[in-house]
Amino acid sequence: MKPEIEIIDNYLPQQIFDNIQKMMLSDTFPWFLEPHSVYEEDGFSQFVHAIYREFEPVSEAWKQIQYILNYLQPHGLYRIKANGTPTYSKVIEKPLHVDLKEPDGSTTPHEVMVLYMNTNDGYTVFEDGTKVESVANRALLFNGKYKHAGTTCTNQSIRVVLNIDYL
């Protein structure tokens, strides 16, 4: 099944994007090491920063991120988090997945926005092979029912994306 995706380059006004990017790529932004990326023991540790979960902001970064919501205009939020994947010697695709699942294993109805925070040779890939390159200030929007995966990168020290799961 070919995913229905929307790609919007220069999603945010440059000054707003620059402020968010500067915050997230600074040496004072608090990153937390997760031993896995998608599934337990998937072999891909990554850094994460939770911004919104369980129906409330959980990070000071929320103040900056709210600007994105003015453009996205979601009806509701499930989760906002930043993912940082350190550089690897080659670009490797992580496991395909959906972001939100019900206890019975079905997919929670939701939409996904990936906002790429830096340009690198990583990408987002969908189950059918469709690839979207990581370009700073590019937004990727799609229905959360589509399996997708991020990748590592080789030409930057870290690949950073902002992931928003919403209604």
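**Labels and their grounds**

User: What makes the side chains of Asn83 and Lys81 a polar contact?

Analyst: In this predicted model, the side chain of Asn83 lies 3.2 Å from that of Lys81. The criterion asks for N or O atoms within 3.5 Å, one able to donate a hydrogen and the other to accept it, and the pair is listed as a polar contact.

User: Why is Asn83 called buried, and what does Asn83 touch?

Analyst: The relative accessible area of Asn83 is 13%, and buried means under 20%, so the label applies. Asn83 is found in strand S5. Leaving out residues up to four places away in sequence, Asn83 touches Trp31, Gln46, Phe47, Val48, Arg159, Val160, Val161 and Asn163.

User: Why does Gln46 count as buried?

Analyst: Gln46, found in strand S3, has 3% relative accessibility. The cut-off is under 20%, therefore Gln46 counts as buried. Its side chain makes a polar contact with the side chain of Lys94 at 3.1 Å. Beyond four places in sequence, the contacts of Gln46 include Phe32, Leu33, Ser37, Lys81, Asn83 and Lys94.

User: Which residues lie nearest the centre of the largest pocket, and how is its lining made up?

Analyst: Ser37, Gln46, Arg79, Lys81 and Asn83 lie nearest the centre, out of 33 lining residues. The lining divides into 13 nonpolar, 12 polar and 8 charged residues. The space in this pocket is about 690 Å³.

User: Which strands supply at least two residues each of that lining, and which supplies the largest share?

Analyst: Strands S2 (32–34), S3 (46–53), S5 (77–86), S10 (148–149) and S11 (158–166) each supply at least two. The largest share, 6 residues, comes from S3.

User: What makes Arg79 and Asp165 a salt bridge?

Analyst: The closest N and O atoms of Arg79 and Asp165 are 3.0 Å apart. The criterion is a side-chain nitrogen of Lys or Arg within 4 Å of a carboxyl oxygen of Asp or Glu, so the pair qualifies. Arg79 lies in strand S5 and Asp165 in strand S11, so the pair ties together parts that are 86 residues apart in sequence. Salt bridges that share partners join Arg79, Asp99 and Asp165 into one network.

User: Why do Arg79 and Asp165 carry the burial labels they do?

Analyst: Asp165 has a relative accessible area of 0%, and Arg79 has 22%. Buried means under 20%, exposed over 50%, and partly exposed in between. Asp165 is therefore buried, and Arg79 is partly exposed.

User: How many salt bridges are counted, and what makes Arg138 and Asp9 one of them?

Analyst: The count comes to 4 salt bridges. In the pair Arg138 and Asp9, the closest N and O atoms are 2.5 Å apart, to be set against the limit of 4 Å. Arg138 lies in the loop between strand S8 (131–133) and strand S9 (139–143), and Asp9 in the loop between strand S1 (5–8) and helix H1 (14–24), so the pair ties together parts 129 residues apart in sequence. Arg138 is buried, at 13%, whereas Asp9 is partly exposed, at 42%.

User: Why are Glu60 and Lys63 called exposed?

Analyst: Exposed means over 50% relative accessible area. Glu60 has 61% and Lys63 has 55%, so both labels hold. The side chains of Glu60 and Lys63 meet in a salt bridge at 2.9 Å, N to O.

How values were computed
Residues are numbered from 1 along each chain as its sequence is written. This is a predicted model: local features need pLDDT of at least 70, side-chain atom pairs count only at pLDDT 80 or more; totals for chains, interfaces and linings use all residues. Side-chain values use heavy atoms; hydrogens and water are left out. On a 1 Å grid over the protein atoms alone, a cavity is a set of points where a 1.4 Å probe fits but cannot get out, and a pocket is an open set with protein on both sides within 12 Å along at least five of seven lines; lining residues have an atom within 4 Å of a point. Grid points are joined across faces, edges and corners, and a volume is the space filled by probe spheres set on the points. Helices (H or I, at least four residues) and strands (E, at least two) are DSSP runs, numbered from the N terminus. Ala, Val, Leu, Ile, Met, Phe, Trp, Tyr, Cys and Pro count as nonpolar, Asp, Glu, Lys and Arg as charged, and the others, Gly among them, as polar. Buried means under 20% relative accessible area, exposed over 50%, partly exposed in between (1.4 Å probe, protein chains only). Contact means heavy atoms within 4.5 Å.
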